Amino acid sequence: WLKSRPPDSLSPSLSRLCRQTAMGKVHGSLARAGKVKNQTPKVAKAEKKKVLTGRAKKRFVYNRRFVSVVKGGPKRGPNSNMK
C-alpha cells in the first residue's frame, strides 16, 4: 500500500523507508563480515631503522641528492634497484 500512495502524503520517515526498500541491497549479510581478515595469517612486523628527523634528515637528503650522485648514465628513480 505504500507504493500506491503519493510520496508527499507520507511522513518523511515513511517516504525514506519506502525509497530504501524499493532499491536493491547495498552490501552482503553481516554474517560474512571480516571473513578475509580472519583467514589471513598473522605476520609479525619487522624491526626497522629509526626514522631521521630535523637536521639529520635534511643532511641525509642533501647527501643523497647532491654529494653521492653518479655522473653519466641514465637517471634512475629513488626506488630503482638497477646497479
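**Notebook: a look at the surface and fold**

I started with charge and found that Lys37, Lys42, Lys45 and Lys48 gather on the surface in a patch of positive charge. I remind myself that this is a predicted model.

Next I picked one of these lysines, Lys45, and looked up where it sits. Lys45 belongs to the loop between helix H2 (35–39) and helix H3 (55–67). Is Lys45 buried or exposed? Its relative accessible area is 83%, and exposed means over 50%, so Lys45 counts as exposed.

Then I turned to nonpolar side chains. Which residues form a nonpolar patch on the surface? I noted Tyr62, Phe66 and Val67, which together have about 340 Å² of accessible area. Of this trio I followed up Tyr62, which is placed in helix H3. Tyr62 has a relative accessible area of 47%. That value lies between the 20% and 50% cut-offs, so I wrote Tyr62 down as partly exposed.

I counted three helices and zero strands, and along the sequence the pattern reads α-α-α. How much of the protein is buried? Buried residues account for 5% of the 83 residues. The protein exposes about 9,100 Å², and 58% of that comes from carbon and sulfur atoms.

Last, I checked confidence. The protein has a mean pLDDT of 79, with 66% of its residues at 70 or more. Where is confidence lowest, and where is it highest? My entry says lowest in helix H1 (residues 12–22), with a mean of 59, and highest in H3, with 93. A friendly note to myself: where pLDDT is low, the predicted coordinates should not be read in detail. Helix H3, with that highest mean of 93, is also the helix that holds Tyr62.

Note on methods. Residues are numbered from 1 along each chain as its sequence is written. This is a predicted model: local features need pLDDT of at least 70, side-chain atom pairs count only at pLDDT 80 or more; totals for chains, interfaces and linings use all residues. Side-chain values use heavy atoms; hydrogens and water are left out. Helices (H or I, at least four residues) and strands (E, at least two) are DSSP runs, numbered from the N terminus. Buried means under 20% relative accessible area, exposed over 50%, partly exposed in between (1.4 Å probe, protein chains only). Accessible areas come from the Shrake-Rupley method with a 1.4 Å probe; for residues, only the protein chains shown count as cover. Patches are made of residues with over 30% relative accessible area and no salt bridge: like charges are joined within 9 Å, nonpolar side chains (Val, Leu, Ile, Met, Phe, Trp, Tyr) within 5 Å. A salt bridge is a side-chain nitrogen of Lys or Arg within 4 Å of a carboxyl oxygen of Asp or Glu. Lys and Arg count as positive and Asp and Glu as negative; His and the chain ends are not counted. The place of a charge is taken as NZ of Lys, CZ of Arg, CG of Asp or CD of Glu. pLDDT is the predictor's confidence in each residue, from 0 to 100.
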